[in-house]
Amino acid sequence: ILTGTILAGTNTATVTGVTYNTAETGVSITATRTSGDVLTPGTSALFTVLAAADHLVFVNVPSYGLIATNLNPFTVEARRPDNSVDANYVSNITVSKASGSGNLTGTTVKTPVGGISTYNDLQFDAVDTYTLIANSGALTGATSGNIEIVGAILAYRSFASGNWNIKTTWEGYTATQWIPSCDWPVSPTKDVTIRTSHLVTV
């Protein structure tokens with residue numbers, strides 16, 4: 001039971017610190033006069049109490065990266081049992097290497113905003129295949145898919161129309177396959193192909 005006082009000359013009382021320990025729909029709150037003027041009890045409209053986050057999920061982790069180069073940005077989300085994002089979750093989320101031979105560097109601990117932490121400066125220092133793990137307090141952690149780190153991009157071709165200096169405009173060739181590019185063409189010694197269906201703006 002929480003209490004508040006309607007002061008003389010006013011018509012409202014503010015009650016804070018209200019909590020509810022069960023996630024369910026059809027919840028309402030009733031305010032009842034305990035002293036003073038005779039007032040009719042008031043009951044709120046029905047509302048839903050959402051569960052708190054219980055697990056983490058990786059979103060948009062890149063499949064490829066370039067050695068000693070920042071991975072394309074990705075996020076980790078704090079999600080409820082129904083898999084929706086818990087926008088009220090604010091505890092730090094830590095990303096670390098789960099497998100692979102090299103070292104992970106960058107900002108590995110982030111405070112989520114709206115239940116989502118964004119990682120945009122992580123990189124590996126050795127060619128290998130890696131996975132990441134995310135942890136935060138008592139939440140069930142998450143493990144990413146494989147991230148293949150390659151040694152060099154040997155050539156570029158356009159992946160889509162766009163600006164020259166945007167990574168998503170390009171694919172890079174690694175001597176064995178074309179992969180989503182981790183950078184854009186800057187070296188005059190590397191071949192660059194703009195496919196006929198694409199318009200790239202310099």
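Tutor: The structure holds four salt bridges, a salt bridge being a side-chain nitrogen of Lys or Arg within 4 Å of a carboxyl oxygen of Asp or Glu. This is a predicted model, in which local features need pLDDT of at least 70 and side-chain atom pairs count only at pLDDT 80 or more, while totals for chains, interfaces and linings use all residues. Residues are numbered from 1 along each chain as its sequence is written, and side-chain values use heavy atoms, with hydrogens and water left out.

One of the salt bridges joins Glu171 to Arg157, with the closest N and O atoms 2.7 Å apart. Glu171 belongs to strand β18 and Arg157 to strand β16 (residues 155-158), so this pair ties together parts that are 14 residues apart in sequence. Strands here are DSSP runs (E, at least two residues), numbered from the N terminus. Glu171 is buried because its relative accessible area is 12%, whereas Arg157, at 23%, is partly exposed. Buried means under 20% relative accessible area, exposed means over 50%, and partly exposed lies in between (1.4 Å probe, protein chains only). Arg157 and Glu171 are also linked with Arg195 in a network of salt bridges.

The strands of this pair belong to an open sheet of four strands with mixed pairing, in the order β19-β18-β16-β20. Its edge strands, β19 (178-180) and β20 (191-193), each pair on one side only. Averaged over the sheet and ignoring direction, neighbouring strands are turned by 25° against each other; the angles are taken between N-to-C directions, from 0 to 180 degrees, of axes that are lines fitted to C-alpha atoms. Two strands pair if DSSP finds at least two bridges between them. Strand β18 (residues 170-173) meets β19 in the antiparallel sense over three bridges, and there Glu171 stands opposite Pro180.

Two further salt bridges complete this account. Glu77 forms one with Arg79, the closest N and O atoms being 2.7 Å apart. Glu77 has a relative accessible area of 12% and is therefore buried; Arg79 is buried as well, at 14%. Arg80 forms a salt bridge with Asp86, where the closest N and O atoms are 3.6 Å apart. Arg80 counts as buried because its relative accessibility is 9%, and Asp86 counts as buried at 7%.
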